Amino acid sequence: MCGIVAYISRDLEKRDKIEDMLISSLRRLTYRGYDSWGIGFKGNNKIHIIKNVGDIENVNKLNLGFENSLIGIAHTRWATHGGVTKINAHPHLCCKKEIAVVHNGIIENYKELKEELIKNGHSFISETDTEVIPHLIEEKYKLCNNFEIAFKEAIKELKGSFAIVAIHKDFDGIACYRNGAPLVIGISSNGYFVSSDVVAFLNYTKKAIYLDDEEVAILKRNERDIELKIWKNEKEVKKEIKEISWNFEEATKLGYKHFMIKEIIEQPESIRNALMQNEKEMLEVAMEILRAKQVIFTACGTSRYAAIIGRYLFSKVARKFCDVIMASEFHYFSDSVDKDTLVIAVSQSGETADVLFGIKKAKENGAKIFSIVNVMNSTLARLSDKVIYTNAGPEICVAATKSFTNQLVVLYLLAYSMVNKFEEARSNIRKIAEIIKKSIEENNKNIEEIARKVKDKDHFYYIGRGINFAMANEGALKLKEISYIHAEGMPAGELKHGTIALIEKNTPVVVIAPKDYTYYETLSNAMETKARGAFVIGVTDYAHDVFDAIIEIPKVEEIFYPLVTIAPLQLLSYYVAVERGLNPDKPRNLAKSVTVK
Ligand code: AGP
């Protein structure tokens, strides 16, 4: 979703070239998904804006002559209100073009505000909700002639979930406000960044201050330095400076063609990082899960499929039943969520609006919140009573790969901790990481060939039973996301209750069939599709005539099959996308961090 980055330089002598910095920082945010971009500088007593639709990768240098500017704001837009046009791209300006604003999120009451502002003589040029913000600040400015006060007054009238950064041509600083969408301040030796995401400034600094909801930050240049003040409800607050644990190199391609293949290949290593958990803390969390009267997982997309696998693991290993509710539907069940409920939220980004909304509601009802999160200090992590980090490092490809696998590892460790076998699980998974490494190397060519055979198909079906049913869902989601082929994942037994009507000659059916407790039943369902002409691709360690093609997975202890099944499924979707000439890292319409409901 939209990405914000702003920069204020500490002093004139040691300044960085702000144009170059903002472009390179914006490029690092493009992985979040975007359709247009824009940059604004304060200089020569004016605000200067450049914006466009499409790719910022091709913009080498803006050459606006504002390298000497000390303050700039920039934005990648993922359209919500209004189409993908240059006019709708941010920054947006007020009538006098003296105030510029970038924004992530949604201003829910923008219509009412716009009508009021129009009555007061303001004119609008875009279809966005964002444009009301500079006009509203301008309206307040008329009354006080002070940008800082005008900004603080304006934000009081905004409703919704958003993050905002604003500048004024006469104000030697930056004003920021966070209410529901992430905003973090990076402190480098030469200046301060403000961004939706630490990845934007990771190559400049690892020191960060994370804003919380309803916090206003004003960064103001004085004689030789920058003053940073943060307020919440008009009271000044002191915030801790945190150290970011990620490395900049982890967020680069390191010679790989795409982030997706890099992130698939680095899974054995990221699994080892996921295993770095404190045994005592895991046991405590596991005991609380066991004790809870009601346990509900909530998550979206890939993270939800990890949660479904977690549900099977908790039941199979520890006989602990729990439910999984997709986050966008979770609050509709809030009548049944109370102080005896333990909610486990699973999220890579920790910023998914649906997840945050659901857990806030559950918290209001007295529920306890545990979370399994990848991004450190993310909003979800900070809202939770307990957090387990998945330690996958930065995941840049929009399609989740290593973060999913690491979520599974944490869920295995938790399930085994419930029966006091944390160390047994850890040592098993450590061995499995090595097996996965070998399997990826050995499988690559074969999967590429299968991908070539099926790349032009319009529909795919993925089936599996028990713990493998969520793997079928995840395989299908990966294919849809990056190759734009319609794909459905479902429990194999459910196929004959309707979907089998869609199977025609050569329809690819991917069968998740490890030699486990589900094998023979799944095979019968595969045969039913074969009898209707399907091209059956078995993801298996046990060959059978029903399979027209086989993606071989290594033999492991039955319960651990999901860990060795996932990379082949990810590789299949990767190669299909590449064969179709698509860039798997930046799928159309999708965003890495879905910060709107
Ligand atoms: C995964 O490939 C998708 N990009 C998407 O389904 C994602 O898993 C979902 O939006 C949830 O994101 P989160 O894990 O950051 O909460």
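Where in the structure does K293 sit? K293 is placed in the loop between helix 7 and strand 16 (294-299), where helices (H or I, at least four residues) and strands (E, at least two) are DSSP runs numbered from the N terminus. Before going further, please keep in mind that this is a predicted model, in which local features need pLDDT of at least 70 and side-chain atom pairs count only at pLDDT 80 or more, while totals for chains, interfaces and linings use all residues. Residues are numbered from 1 along each chain as its sequence is written, and side-chain values use heavy atoms, with hydrogens and water left out.

Back to K293. This lysine is exposed, with a relative accessible area of 69%; buried means under 20% relative accessible area, exposed over 50%, and partly exposed in between, using a 1.4 Å probe and protein chains only. Between K293 and I308 there are 19 Å in space, C-alpha to C-alpha, for a separation of 15 residues in sequence.

Now step back to the whole chain. The domain assignment gives domain 1 (2-250), domain 2 (260-420) and domain 3 (438-583), with bounds that come from an automatic or database domain assignment. Taken over C-alpha atoms, the centres of domain 2 and domain 3 are separated by 26 Å. Across this pair of domains, 24 residues of domain 2 are in contact with 26 residues of domain 3, contact meaning heavy atoms within 4.5 Å.

Next, let us look at the largest pocket. Its lining draws at least three residues from each of domain 2 (260-420) and domain 3 (438-583). The largest pocket holds about 580 Å³ of space, a volume being the space filled by probe spheres set on the points, with grid points joined across faces, edges and corners.

Which residues lie nearest the centre of the largest pocket? They are C300, G301, T302, E481 and V594, out of 27 lining residues. Two or more residues of this lining come from each of helix 8 (301-318), strand 18 (341-347), helix 10 (353-364) and helix 14. Helix 8 gives the largest share, five residues.

The whole structure has two cavities of 30 Å³ or more. The largest cavity holds about 50 Å³ of space, and its lining includes C2, W78, H81, H90, H103 and D129. That lining divides into two nonpolar, six polar and two charged residues. The second largest cavity, with about 40 Å³ of space, has eight nonpolar residues, one polar and one charged in its lining. Among the residues that line the second largest cavity are V285, I289, F370, K386 and L414. Helix 7 (279-291), strand 19 (368-373) and strand 20 (386-389) each supply at least two residues of this lining.

Let us finish with charged pairs. How many salt bridges does a search of the whole structure find? The search finds 36, a salt bridge being a side-chain nitrogen of Lys or Arg within 4 Å of a carboxyl oxygen of Asp or Glu. One of them joins K262 and E266, at 3.6 Å from N to O, and both of these residues are buried.

Another salt bridge joins R452 and E579, at 3.2 Å from N to O. This pair links distant parts of the chain, 127 residues apart, with R452 in helix 13 (residues 422-454) and E579 in helix 16 (residues 561-579). R452 is partly exposed at 43% relative accessible area, and E579 is partly exposed at 26%.

R465 and E521 also form a salt bridge, their closest N and O atoms being 3.3 Å apart. Here R465 is in the loop between strand 21 (459-464) and helix 14 (467-483), and E521 is in helix 15 (residues 519-530), 56 residues apart. Finally, D212, E215, K239 and R382 are linked in a network of salt bridges.

Note on methods
On a 1 Å grid over the protein atoms alone, a cavity is a set of points where a 1.4 Å probe fits but cannot get out, and a pocket is an open set with protein on both sides within 12 Å along at least five of seven lines; lining residues have an atom within 4 Å of a point. Ala, Val, Leu, Ile, Met, Phe, Trp, Tyr, Cys and Pro count as nonpolar, Asp, Glu, Lys and Arg as charged, and the others, Gly among them, as polar.
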